[in-house]
Structure formats: structure tokens, C-alpha cells
Amino acid sequence: MEELLRTLARMQRLDDQIGSLKLLQQELPKELNDIIGHVEQATANLLNSETDRAEIAKKQRALESDIKQHNESIKKYATQLSEIKTNKEYKALNSEIAYLKDKISELESQELLLMDSEAESKKQVERDKGELDEAEKAKRAREGELRDKIASLDAEIENLRAERNKLAHTLPQNLVKQYGNMIKNKNNCAVVYETNGACGGCGFVIRPQIRIELQLRSKLNYCESCGRILMERFDDI
Ligand SMILES: [Zn+2]
């Protein structure tokens with residue numbers, strides 16, 4: 001009987017390992033997606049901030065060109081002033097020059113504002129570049145490892161299952177069936193251990209008579225509450 005209990009305990013240990021690997025099978029692809037997602041997000045952010053910066057530069061060039069044009073017009077009008085005959089024409093030209101000068105100073109204020117925006121935008125591009133570098137570094141460091149691990153999980157689980165099934169073949173068939181049902185329906189846990197006088201699976205307090213039976217290891221016991229196979233823990237399993 002003790003050997004049978006040992007076999008069940010070993011099977012449960014293998015199923016615990018299978019359970020952890022199955023959890024990894026769910027978690028690792030998520031981690032991989034996160035890592036790839038961060039790089040994609042950082043790439044998109046950088047593209048956005050670079051586009052913003054290019055827009056600002058375009059506006060700056062347009063302003064500069066307008067200012068240049070206005071200055072050339074002022075120069076041209078100034079030359080014309082000397083050739084003007086009537087007072088009326090003189091006044092008209094002078095007011096045109098004054099208008100252009102106002103316009104230039106307005107454009108120059110806009111230019112100052114744009115310089116601030118350009119400085120901010122440059123900083124944003126630098127920040128986004130830094131974040132992309134970090135995201136790519138994380139990807140380089142972890143992606144290969146994750147892909148290898150994900151690829152090997154199936155085989156690892158298969159090996160553990162084969163080992164468990166080999167053990168199962170040494171047990172009575174109805175017991176194996178019971179065990180399998182509990183693994184399936186009781187949260188991957190068919191064998192539980194006495195823990196401080198209670199069932200390690202559900203916490204139900206074990207009667208003294210049953211505790212004696214568990215110590216003797218002379219029969220198969222089940223938790224009276226959760227129905228799992230109940231035994232005392234083996235030191236070496
Ligand atoms: Zn229980």
C-alpha cells in the first residue's frame with residue numbers, strides 16, 4: 001500500500017510540474033506580445049513626434065520666406081520713394097511700408113513662438129528615441145529566449161506526461177481513472193497532504209481516527225470534504 005501511495009504522490013508532483021508549464025504556455029506568449037507591442041508603440045510615437053517636428057520646421061521656413069519677401073518689398077518701395085512726385089503717392093507708399101513693417105514684427109513674434117515649439121518638439125523626439133532604444137534592447141534581450149522556451153514547452157509537457165503515464169500503468173485502472181477525473185475537475189489536484197491536522201487541499205479538519213490511518217499508510221484515504229486522495233507527505237517526494 002505504501003508503494004501505491006508513493007506512486008500517487010509522484011504522479012501528483014508530475015502533474016504539478018505540468019500545471020506550471022501550462023501556465024507558462026499562457027503567460028510567455030503574452031509577455032512576448034507585450035515586448036513586441038512596446039517596440040511597435042515606441043516606433044509609432046517616434047514617427048509622430050518626428051512628423052510634428054517636421055511640420056514646425058516647415059512653418060518656420062514659410063515664415064522666414066514671408067519675412068524675406070516683405071523686407072525685399074520694403075527695400076523696393078524705399079527706392080521708389082525717391083522717385084515719387086506727388087504727396088498722395090508718397091503717403092500711400094509710406095503707409096504700405098509701415099504696414100509691411102508691422103506685418104514683419106508680427107511674423108517675427110510667431111517665429112519666436114515656433115522656436116519654443118521646435119525646442120519642445122526636439123526634446124520629445126529625443127525622449128521617444130530613448131524609449132524606442134529601451135524597447136528594442138528589451139526585445140533583443142528576451143525575444144529569442146522566450147521563443148525558444150515557448151517552442152520547447154510542448155515537448156517538456158509531453159515528457160512529464162509520459163513519465164506520469166508510466167507510473168499510472170502500475171496502478172489499478174479504476175484508481176487511475178479516479179485520479180484523472182480529480183486532476184481534471186479539482187484544480188489539477190488529486191492528491192492532498194495532511195497539513196497541521198487539516199486537508200491541504202480544502203482545509204477540512206481531519207478526524208483523529210483518520211489521522212492514525214494516514215500515519216499507518218495501510219489504506220487509501222479520501223478527504224471527507226473535498227474527496228481528494230489524502231495522505232501524509234513523504235519526505236522524499
Ligand atoms: Zn479536502
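Student: At what angle do helix 1 and helix 2 pack, and how are they oriented to each other?

Tutor: In this predicted model, helix 1 spans residues 2–81 and helix 2 spans residues 87–168. Their axes lie 4 Å apart, and the packing angle is about 165°. Angles over 145 degrees count as roughly antiparallel. The orientation of helix 1 and helix 2 is therefore roughly antiparallel.

Student: How many nonpolar, polar and charged residues has the contact of helix 1 with helix 2?

Tutor: The residues of this contact are sorted by class. The contact of helix 1 with helix 2 has 29 charged and 16 polar residues, and its nonpolar residues number 38.

Student: Which residues does Leu114 touch, leaving aside those up to four places away in sequence?

Tutor: Leu114 is placed in helix 2. It counts as partly exposed, because 17 C-beta neighbours lie inside 10 Å, whereas a buried residue needs 20 or more. With residues up to four places away in sequence left out, Leu114 touches Ile56, Lys59, Gln60 and Leu63.

Student: How far apart in space are Ala57 and Glu118, C-alpha to C-alpha?

Tutor: Ala57 belongs to helix 1. It is partly exposed, because 13 other C-beta atoms lie within 10 Å. Ala57 and Glu118 are separated by 61 residues in sequence, yet the C-alpha to C-alpha distance is 7.4 Å.

Student: What is the distance in space between Leu114 and Glu136, C-alpha to C-alpha?

Tutor: In sequence, Leu114 and Glu136 are 22 residues apart. In space, their C-alpha atoms are separated by 32 Å.

Student: Is Lys123 buried or exposed, and how far in space is it from Asn174?

Tutor: Lys123 is located in helix 2. It has 11 other C-beta atoms within 10 Å and is therefore exposed. Lys123 and Asn174 are 51 residues apart in sequence, and their C-alpha to C-alpha distance is 70 Å.

Student: What is the order of the strands in the open sheet, and which are the edge strands?

Tutor: The open sheet has four strands with mixed pairing, in the order 2-1-4-3. An edge strand pairs on one side only, and this holds for residues 198–199 and for residues 221–222. The edge strands are thus named as strand 2 and strand 3.

Student: Which members of the largest nonpolar core touch the most other members?

Tutor: This core has 14 residues. Two or more of its residues come from each of helix 1, helix 3 (173–185), strand 1 and strand 4 (229–231). The members that touch the most others are Leu8, Val191, Ile229 and Leu230.

Student: Which residues does Ile229 touch, not counting those up to four places away in sequence?

Tutor: Ile229 is among the core members that touch the most others. Excluding residues up to four places away in sequence, Ile229 touches Leu8, Ala190, Val191, Leu220 and Tyr222.

Student: What phi does Asn196 take in the hairpin of strand 1 and strand 2?

Tutor: This hairpin has two residues between its strands. There, Asn196 takes a positive phi, near 50°.

Student: Where does Asn187 lie, and what is its phi?

Tutor: Asn187 is found in the loop between helix 3 and strand 1. It is exposed, because 12 other C-beta atoms lie within 10 Å and the cut-off for exposed is 12 or fewer. Although Asn187 is not a glycine, its phi is positive, at about 60°.

Student: How many of the nine residues of helix 4 are buried, and what is the phi of Arg217?

Tutor: Helix 4, residues 208–216, is hardly covered, with a buried count of zero. Arg217 is partly exposed, because 17 other C-beta atoms lie within 10 Å. The buried count for helix 4 is zero, and the phi of Arg217, a residue other than glycine, is near 55°.

Methods
Residues numbered from 1 in each chain as written. Predicted model: local features only at pLDDT ≥ 70, side-chain atom pairs only at ≥ 80, totals over all residues. Axes fitted to C-alpha atoms, helices over the stretch in contact; angles between N-to-C directions. Parallel < 35°, antiparallel > 145°, perpendicular 65-115°, else oblique. Nonpolar A, V, L, I, M, F, W, Y, C, P; charged D, E, K, R; others polar. Pairing = 2+ DSSP bridges. Core = buried A, V, L, I, M, F, W, Y, C linked by C-beta atoms within 7 Å. Contact = placed C-beta atoms within 7 Å.
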